Amino acid sequence: MRRPRKTLARPRKRIPIVFITVSGHDKRNLIGQTVVKGTLNNNAKISSFKDVDLEISFYSKTGALLEKDKETIYETLAPGDSKNFKTKYFAPKGTDSVA
């Protein structure tokens, strides 16, 4: 008896972190919010991804993790596509960097 073939898209859906890269930067606005702007890039050749979940971490000067937040980018990333995003947070007190 033959085993069913796996499609090329199936393994990629399980490990999108291999194919999606994120670059960005943060700054403070006038009302004290941390504004995170960045770009999502899909490096896959045949797989599309949608509704990408990002984890944003806030760190102190000493590198201690202060807080983690989840942000979902409600876009579809086609193969080789890039999407810009922008989100705002009131960072916890003592935040020195955002990753």
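Tutor: Before we start, helices (H or I, at least four residues) and strands (E, at least two) are DSSP runs, numbered from the N terminus.
Student: Okay! Where is Val18 found, then?
Tutor: Val18 sits in the loop between α1 (9-14) and β1 (20-28). This is a predicted model, where local features need pLDDT of at least 70, side-chain atom pairs count only at pLDDT 80 or more, and totals for chains, interfaces and linings use all residues. Residues are numbered from 1 along each chain as its sequence is written, and side-chain values use heavy atoms, with hydrogens and water left out.
Student: Is Val18 buried or exposed?
Tutor: Val18 is exposed, with a relative accessible area of 53%. Buried means under 20% relative accessible area, exposed over 50%, and partly exposed in between (1.4 Å probe, protein chains only).
Student: New topic: how many salt bridges are there?
Tutor: The structure has four salt bridges. The term means a side-chain nitrogen of Lys or Arg within 4 Å of a carboxyl oxygen of Asp or Glu.
Student: Which residue does Lys70 pair with?
Tutor: Lys70 pairs with Asp53, and their closest N and O atoms are 3.8 Å apart. Lys70 lies in strand β4 (residues 65-77) and Asp53 in strand β3 (residues 49-59), so the pair ties together parts that are 17 residues apart in sequence.
Student: And what about Glu55?
Tutor: Glu55 forms a salt bridge with Lys68, at 3.5 Å from N to O. That pair also links distant parts of the chain, with Glu55 in strand β3 and Lys68 in strand β4, 13 residues apart.
Student: What does Lys83 meet?
Tutor: Lys83 meets Asp81 in a salt bridge (3.8 Å, N to O). Salt bridges with shared partners join Glu75, Asp81 and Lys83 into one network.
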